[in-house]
Amino acid sequence: MDKFVIVGGTPLRGEIPTSGSKNSALPALAAALLTEEPVTLKRVPRVRDIRTMQRLLVDIGSKADVDGETVRLETPQIVCPEAPYELVKTMRASSLVLGPLVARSGRARVSLPGGCAIGGRPINLHIFGLEQLGARIHQAHGYIEAEAADGLRGAVVHFDRITVTGTEDLMMAAVLAKGETILRNAAREPEVVDLAALLTRMGAKIEGAGTTTIRINGVEKLGGAEHTIIPDRIEAGTFLIAGAITGGDVAIAGCIPEHVGALVSKLQQAGVAVTQPDATTLRVRSSGKLRSVDMTTEEYPGFATDLQAQYMALMTQAEGISIIVETIFENRFMHAQELARMGANIRLDGRQAIVAGPYRLTGAGVIASDLRASASLVLAALVAKGETVIDRVYHIDRGYEKIEAKLSQVGAQIRRVE
Ligand code: EPZ
């Protein structure tokens with residue numbers, strides 16, 4: 001397994017380009033199942049989860065041509081409407097094929113995701129929504145089987161709680177259903193809006209994406225389309241924190257500043273200078289002296305749970321006490337133990353993490369546990385005294401394209417060891 005060896009202490013300086021959003025590309029790839037015409041996606045990040053989704057689509061019946069960050073998918077017919085456990089257990093987002101498969105072929109057999117490091121990750125809301133649209137669901141042997149021989153019909157679906165991929169799954173099921181579907185308490189994430197933009201280009205009739213109520217009028221068929229994936233706001237946020245924690249001066253290029261608005265506000269409250277030199281660039285400058293600022297994760301446009309671990313690493317260097325509350329997932333503090341091994345002072349109390357600072361971090365051998373926890377260990381290592389070795393960096397490769405190359409470009413002493 002690959003490792004990262006990082007020597008901390010260098011303030012980062014320079015410009016980092018933002019890749020396409022993993023969490024927008026995943027549903028966009030699944031949307032290609034909805035038509036037999038070609039769908040071409042640009043700015044697709046070359047990360048493990050994308051390769052996993054491509055493999056799943058090919059097993060289902062798609063032809064995939066990958067040329068750098070451009071992926072062309074064509075699904076003349078659904079050969080095998082299944083998402084097997086071997087794939088789903090490695091990537092929960094495989095459940096995104098559920099809606100498109102039922103909509104296109106009237107059938108789907110998808111493994112239940114099972115838990116992952118950060119929580120139970122059930123898909124009961126996806127299933128509830130499909131039942132509302134008329135699918136018959138049968139659960140057995142760790143799989144759910146959905147069936148809608150005479151197609152889906154529009155309905156009102158009120159989500160018990162906000163779910164990003166649940167909203168995306170149901171949007172993709174509804175675009176070919178007979179009649180109107182209304183999704184209430186829908187997710188407002190930019191990735192939901194990006195998916196709606198792609199589906200609209202394919203001929204879907206969708207209103208309200210980005211608000212809590214999305215109206216979809218089903219159509220007979222969808223056509224092909226070309227679409228450029230939005231930049232990855234979590235990658236951009238991770239690198240903003242990298243600039244802040246190292247006391248550097250970094251420009252994040254090719255991003256959408258408003259997508260990281262909640263983080264920018266927290267950084268400014270912490271005493272970090274964040275400016276916007278142009279429409280798609282954010283510049284972060286820090287002296288390294290930071291004030292502690294409390295933070296609670298919330299659905300978009302609140303502070304993203306996917307940036308919580310990275311923010312915790314930053315707060316270990318801030319003056320005072322910060323209270324971090326994780327409201328989205330039940331077990332998303334694994335990084336705290338590893339940060340503590342590097343010298344951080346963090347006390348966990350249920351959904352709260354109490355971080356006292358500043359505490360000097362020293363390099364150590366640490367283990368990555370999930371995608372974003374791994375990113376927080378990289379950030380801590382960039383400011384720690386001495387050498388940090390991070391094991392199991394395949395977690396990082398799931399969601400960050402060439403992170404060590406991007407960080408080295410701005411002066412980080414980081415190298416990958418096979
Ligand atoms: C998406 O996951 C993202 N993944 C996650 O990013 C992100 O952390 C999460 O949204 C929250 O923003 C992708 O977009 C591929 P949810 P998702 O459904 O859709 C509960 C990363 O690091 N829930 O919004 O799976 C669930 O357990 C990943 O890139 C149900 O109870 O998250 C969680 O507590 C990690 N039943 C909460 O809702 C359901 O049917 C929010 O989950 C669905 C969800």
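Across the interface of domain 1 and domain 2, nine residue pairs are found in polar contact, in what is a predicted model. On the side of domain 1 that touches domain 2, the elements that give two or more residues are α12 (371–383) and α13 (394–397). The residues of this side of domain 1 divide into twelve charged, nine nonpolar and six polar.

Three salt bridges are counted between domain 1 and domain 2. D49 forms a salt bridge with R398, and the closest N and O atoms of this pair are 2.8 Å apart.

## Domain layout and buried area

The domain assignment of the protein gives domain 1 as residues 3–19 + 231–417 and domain 2 as residues 22–228, so that domain 1 is written as two segments of the chain and domain 2 as one. The contact between them takes 27 residues from domain 1 and 22 residues from domain 2, while the C-alpha centres of the two domains lie 31 Å apart.

The area buried between domain 1 and domain 2 is about 2,000 Å², and carbon and sulfur atoms give 49% of that area. Of the area that domain 1 buries against domain 2, Y300, R398 and E401 supply 31%, which is more than any other three residues.

## Surroundings of the ligand

The ligand is surrounded by 23 residues, of which the closest are R92, T163, T165, D306 and I328. For R92, a polar side-chain atom lies 2.6 Å from an oxygen atom of the ligand, and for R372 a polar side-chain atom lies 2.9 Å from an oxygen atom of the ligand.

## Salt bridges in the structure

Side chains of opposite charge can pair when their charged atoms come close. The structure holds 22 salt bridges, and one of them joins the side chains of R215 and E180, with an N to O distance of 3.4 Å. Because R215 lies in strand β13 (residues 213–217) and E180 lies in strand β11 (residues 180–184), this pair ties together parts that are 35 residues apart in sequence.

Methods. Residues are numbered from 1 along each chain as its sequence is written. This is a predicted model: local features need pLDDT of at least 70, side-chain atom pairs count only at pLDDT 80 or more; totals for chains, interfaces and linings use all residues. Side-chain values use heavy atoms; hydrogens and water are left out. Domain bounds come from an automatic or database domain assignment. Contact means heavy atoms within 4.5 Å. Buried area is the accessible area (1.4 Å probe) that two parts lose on being put together, summed over both. A salt bridge is a side-chain nitrogen of Lys or Arg within 4 Å of a carboxyl oxygen of Asp or Glu. A polar contact is a pair of N or O atoms within 3.5 Å; within protein, one must be able to donate a hydrogen and the other to accept it, and residues adjacent in sequence count only if both atoms are side-chain atoms. Helices (H or I, at least four residues) and strands (E, at least two) are DSSP runs, numbered from the N terminus. Ala, Val, Leu, Ile, Met, Phe, Trp, Tyr, Cys and Pro count as nonpolar, Asp, Glu, Lys and Arg as charged, and the others, Gly among them, as polar. A residue is near a molecule or strand if one of its heavy atoms lies within 4 Å of it.
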